[in-house]
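This briefing walks through selected features of the structure shown below, grouped by topic. Please keep the sequence and the coordinates in view while reading.

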Amino acid sequence: MGFSRANKEKRVVVITGASSGIGLELAKLYLEQGDEVICVSRTNKENAQNFYKCDIGLESEVKDTFDKIARDYKKIDLLINNAGFGLSGVLELTPTSDIKNLFDVNFFGAFYVYKYALKYMPKKSKIINISSVCAFFPLPYRGVYCASKSALNSLFFSARMECKNLGIQITNICPGDTKTNFTKNRVKILSTNERYEERIKNATLSLDSREDKRMSATSVAKKIYKIGEKKKLPSYKIIGFKYKTLLFFMRFLPFNALLYFTEKYFGGNKPNKGGEKSG
């Protein structure tokens, strides 16, 4: 793999959502380095040895889980908040219950994990939150997911400042499109009406068809690992060259221009079979 640490002391690494995707690839990397890796997830598909079953959307479960981890391992050197899922749909037609379910995991779940892990984290420990470029680049019909990641970033920018005097570093890692089961597992609400017509369907099919163009989970995990090994963690880091480039140009272009082009290319306004636009 090519990674090595000057200090080979075994660390206790806790990863939420380590049963698949980026979380699973990260678990493999830390295991290769000789660290004690703990998987916190609802399922244990890969039969991880150090597995703690937990639904991070339930605060009581998170508290009990991290109390157990502390009894078993005494401390947590590195916490990776990775668990989360996606949701797509017309905002107006998305059931409120689905929105709350997403925030329970993507936002409140990450907060619960932070809250109940922090007291077991010594000085010089680190927290890595796996966010998304959607925190910076909102997409039509992905508003709820984008909002959850934007809120996650803001929460942990604040936490980063609060933890400075504790000697604990925090960073938000924001990957672009990654080839995992995330797209497959995303909650897709295709409800529409005469005002939205086929735009939600078109937008969903367009984004899902880009699967072969996404970054591999292995390459993303390696980049996250390298960032996490830095002596001083950045406040955030975007993974994906095109997104870094876009963020750079956003400093000079009006934000309305970003929204215009995003809606144009991702708003589901492509021509239908009859040659007419769908909305």
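Five of the five residues of strand E1 are buried, so E1 is largely enclosed by the rest of the structure; buried means under 20% relative accessible area, whereas exposed means over 50% and partly exposed lies in between, with a 1.4 Å probe and protein chains only. The model is a predicted one, in which local features need pLDDT of at least 70 and side-chain atom pairs count only at pLDDT 80 or more, while totals for chains, interfaces and linings use all residues. Residues are numbered from 1 along each chain as its sequence is written, and side-chain values use heavy atoms, with hydrogens and water left out. Helices (H or I, at least four residues) and strands (E, at least two) are DSSP runs, numbered from the N terminus.

**The sheet and its central strands**

- Seven strands make up an open sheet with parallel pairing, in the order E3-E2-E1-E4-E6-E7-E11.
- Strand E3 (51-53) and strand E11 (236-239) each have a single partner strand and stand at the edges, so one side of each has no neighbour in the sheet.
- From one strand to the next the twist averages 15°, with axes taken as lines fitted to C-alpha atoms (for helices over the stretch in contact) and angles running from 0 to 180 degrees between N-to-C directions.
- Strand E7 (residues 169-175) pairs with E11 in the parallel sense over four bridges, and isoleucine 173 has lysine 237 of E11 as its bridge partner.

**Helices**

- Helix H2 (residues 59-73) packs on the sheet and touches strand E1 (12-16), strand E2 (36-41), E3 and strand E4 (78-81), its direction making about 155° with that of E3; contact means heavy atoms within 4.5 Å.
- Helix H3 (residues 96-118) lies across E1, E4, strand E6 (126-130) and E7, and runs at about 170° to E4.
- Helix H1 (residues 21-32) has 12 residues and reaches 17 Å from its first C-alpha to its last, close to the 16 Å expected, a span defined as 1.5 Å times one less than the number of residues.
- Among the buried residues of H1 are Ile22, Leu26 and Tyr30, and the helix is followed by glycine 34, whose phi is positive, near 90°.

**Aromatic pairs**

- Rings of Phe, Tyr and Trp (its six-membered ring) pair if their centres lie within 6.5 Å, with planes under 30 degrees apart counted as stacked, over 60 as edge-to-face and the rest as tilted; the count by this rule is 13 aromatic pairs.
- The rings of phenylalanine 103 and phenylalanine 107 have centres 6.3 Å apart and planes at 55°, so this pair is tilted.
- Phenylalanine 103 and phenylalanine 107 are four residues apart in helix H3 and hence separated by about one helical turn, and phenylalanine 107 is buried at a relative accessible area of 16%.
- Ring pairs join Phe103, Phe107, Phe108, Phe111 and Tyr112 into a cluster.

**Threonine 262**

- Threonine 262, found in helix H9 (residues 255-266), is buried with a relative accessible area of 11%.
- Residues up to four places away in sequence aside, threonine 262 touches Pro138, Leu139, Pro140 and Gly267.

Notes. Pairing = 2+ DSSP bridges.
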